[in-house]
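Subject: Structure handover

Hello,

Here is the structure we spoke about. Please open it alongside this note, which walks through the side-chain contacts.

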Amino acid sequence: MCEGLRVKIMEQSRVSAPPHSTSPTSLPLTFLDLPWLFFSPNQPLFFFPFPFSLSHFTTFTLPNLKLSLSLTLQHYFPFAGTFVPSPEPSKPHIVYSEASSVSLVVAESSDDFSHLCGNHARDANRFYSLVPKLKSGKEEIPLMAIQITVFPDSGICIGLAYLHIVADGRTFHNFMNTWAAYCSSQASSFPPKSLPFYDRSVIVDSHGLEEVFLKQWRRKKTSFIDETKVKSSSSSLSDLVRATFLMDPTQMEKIKRFIVSLCRDKSQPEHLSPYVLTCAFLWVCLLKTHQLTDNDEDVHYKDPAYFGFIAGGMTRLQFPVPANYLGNCVGFGRASAMREELLGEGGIVVAARAIGGTIKKLDHGMLVGAEKWVSYWEVMNGSELHVVATWSPKLKLYETDFGWGRPRKIEEISIDKSRAISLINSREVDGGIEIGLALPHKKMDSFTMFFNQGLNAVS
């Protein structure tokens, strides 16, 4: 059955905050929001078990989801707002009015819910009909869209598309937890300290980065809408498969011991955290995969390779930011190493040293060199020569519960286009990391081989 026939649209509507619950507001983008103008929307899918009929869903569950979403938007109103680019010299900002709302699509799917929730390689095209369409415009751009797809007697998929300029992963996680709490009747009242904090004045631009990022964006503003669309051609996505891999604490410890054993005559990498160990292992596996399957004459093995990741700013910035701040409080990290060394015998040591060293530098000064964030990531975004990691295992996404139990599976669909990998906390193993990956079928087979061979080598 072709993808389009698996999903039937049942309803299209808009959900807003309760009337008069929130005043019209305009929020300027801070220097920590501005770099995300250059990136495509996030597209997370949350798959929940739901062993009930379609009529039960439409009669009881759907009205509750809509009401709880409305109640959530009174606190997280920027998600219902729009991005207004604003002509120069005005600054871009997020606008919320009484008329602001979020697009909501309700659909029914006849696809195999259990198959989509698996870890094995699955056709990436089967997920796209579960992702809401985030409409674009020239004067006002919506920040979020939601699609709820029911698989009768099997499950529910809550799919979201949102622009990163409105929220980092921490804020998005708080939004989802609040919606889930209202839906499951666990939110009769929220402690004031848990409600979002919107005051942009807490973000202190002591390095003059706002003007740097604004100048970069104004040079490319006419192509902003294009940046939110697919970078790869549809033909390059046709053979794509999605798979999930697990790195558990026992495997991380074995990788750590292996790295230490290779450093007998050298100092070992200084920051061998679970995140660094996982990223170093994946970086080498992906480079080996592309080396084996590509015949690209443009790849020079004496050139540098990069590993990019998002770095939390709450503990790294020189000024305090409330934990409930609504907006972006993250930076960028880019580790660099010679491709030839990464592919060599001690490649994982090189990778761990590069990533760990970059994290240490961010710990001592996250904003040092920040004026190059955009140019760094433009090189890596959508490239198979480099690796980018999205999300963070520190966010306990699998604890989201709308009243039907924890998610059975979480997928980030935007990695299909950006060629990134997603890293979230494991559902099954405490302290484990779930790795989401989308590759052409042949490359996925090669990556699986290198992943398993690598784990066997460190055992």
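First, a definition: a salt bridge is a side-chain nitrogen of Lys or Arg within 4 Å of a carboxyl oxygen of Asp or Glu. This is a predicted model, so local features need pLDDT of at least 70 and side-chain atom pairs count only at pLDDT 80 or more, while totals for chains, interfaces and linings use all residues. Residues are numbered from 1 along each chain as its sequence is written, and side-chain values use heavy atoms, with hydrogens and water left out.

Salt bridges

The structure holds 17 salt bridges. In one of them, Arg 218 joins Glu 211, with the closest N and O atoms 3.8 Å apart. Both ends are partly exposed: Arg 218 has a relative accessible area of 21%, and Glu 211 has 38%. (Buried means under 20% relative accessible area, exposed over 50%, and partly exposed in between, with a 1.4 Å probe and protein chains only.)

Lys 220 meets Glu 378 at 2.8 Å, N to O. This pair links distant parts of the chain, helix H5 (residues 209-220) and helix H12 (residues 373-380), 158 residues apart. (Helices are DSSP runs of H or I with at least four residues, strands are runs of E with at least two, and both are numbered from the N terminus.)

Arg 242 and Asp 416 form a salt bridge at 2.4 Å, N to O. Arg 242 sits in strand S11 and Asp 416 in helix H13, 174 residues apart. Arg 242 is buried at 1%, and Asp 416 is buried at 0%.

Aromatic rings

There are 36 aromatic pairs. (Rings of Phe, Tyr and Trp, the last by its six-membered ring, pair if their centres lie within 6.5 Å; planes under 30 degrees apart count as stacked, over 60 as edge-to-face and the rest as tilted.) How are the rings of Phe 48 and Trp 404 arranged? Their planes are at 75° and their centres 5.3 Å apart, so the pair is edge-to-face. Phe 48 lies in strand S3 and Trp 404 in a loop, 356 residues apart. Phe 48 is buried at 0%; Trp 404 is buried at 16%.

Phe 79 and Phe 175 have ring centres 4.6 Å apart and planes at 35°, so they are tilted.

Regards
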